[in-house]
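Hello,

Here is the structure I promised to pass on. Have a look at it first, and then read on for my notes on the aromatic rings.

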Amino acid sequence: MKLEKFEKNIGYTFKDKNLLKNALTHTSYAFDHHVESNEKLEFLGDSILEFISSKYLYHEFPNLSEGEMTKVRATIVCEDSLYQIAKIHNFSDFLYLGKSELASHKEVRKAIMADSVEALIAAIYFDSNLEEAEKFIVTNLKEPAEIASKNVGKKDYKTVLQEMLQKNGEVEIQYNILKEEGPDHDKTFTAEVCYNGKALANGEGKTKKAAQMEAARKAIEQLG
């Protein structure tokens, strides 16, 4: 019943439930129970993810250069991006973790969550075909790819601000997350940028990084 709920979350029903269980089995659990971990599935899933995401970007964003596609792909298949997918589908409620892992960490580590997404992709591929794996990947990366493609090539405002403030010597620049609002799948963050302890500007964004970048952009405007 527990796995059925997970299948509903991800929008795919496994014919071979053992494949699904394997995809959700961390090395710590595998060691405790003498079963196979998801490491080998993760290895294959990583390659499938890179191929499918590359194919998707090639067809859906024809105006991007090779270098821009590489940057966008790096953004959408990184650990943070995969972790967000795992959070949206509540992977942490279904992962098989060993006693040592559960004892040493209050929450499931980001790397474990991200790796399990790659393992799941390979499991879907083995359970059906590449088309089903592609469907899962595209469904979950479509929005991040859209956002990343719009931001690629934009100025790194944090770097520009740092160069402006440090032109006369070293200074202390600090970014603080003031608040986060909304559900896990649709959060809005507010960040503040400070210069030698003095607040310069605030910015909002759908990620902490985006909020920091917006704060930096507003600070640049204010400084002229």
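Lys158 lies over the face of Tyr175, 4.6 Å from the centre of the ring. Please keep in mind that this is a predicted model.

Next, the rings themselves. Searching the whole structure turns up six aromatic pairs. One of them joins Tyr29 and Tyr96, with 5.3 Å from centre to centre and 55° between the planes, a tilted arrangement. This pair links distant parts of the chain, as its two members are 67 residues apart. Tyr29 belongs to helix α3 (residues 27-33), while Tyr96 is in the loop between α6 (79-88) and α7 (99-104).

How exposed or buried are these two? Tyr29 has a relative accessible area of 16%, so it counts as buried, and Tyr96 is buried too, with 18%. The cut-off for buried is under 20%.

Another pair is made by Tyr56 and Phe61, and here the geometry is edge-to-face: the centres are 6.2 Å apart and the planes are at 75°. Tyr56 is buried, at 15% relative accessible area, and Phe61 is buried as well, at 12%.

Finally, have a look at Phe6, Phe91 and Phe94, which form one aromatic cluster.

Best wishes

Note on methods:
Residues are numbered from 1 along each chain as its sequence is written. This is a predicted model: local features need pLDDT of at least 70, side-chain atom pairs count only at pLDDT 80 or more; totals for chains, interfaces and linings use all residues. Side-chain values use heavy atoms; hydrogens and water are left out. Rings of Phe, Tyr and Trp (its six-membered ring) pair if their centres lie within 6.5 Å; planes under 30 degrees apart count as stacked, over 60 as edge-to-face and the rest as tilted. Helices (H or I, at least four residues) and strands (E, at least two) are DSSP runs, numbered from the N terminus. Buried means under 20% relative accessible area, exposed over 50%, partly exposed in between (1.4 Å probe, protein chains only). A charge sits over a ring if NZ of Lys or CZ of Arg is within 6 Å of the ring centre and within 35 degrees of the ring normal.
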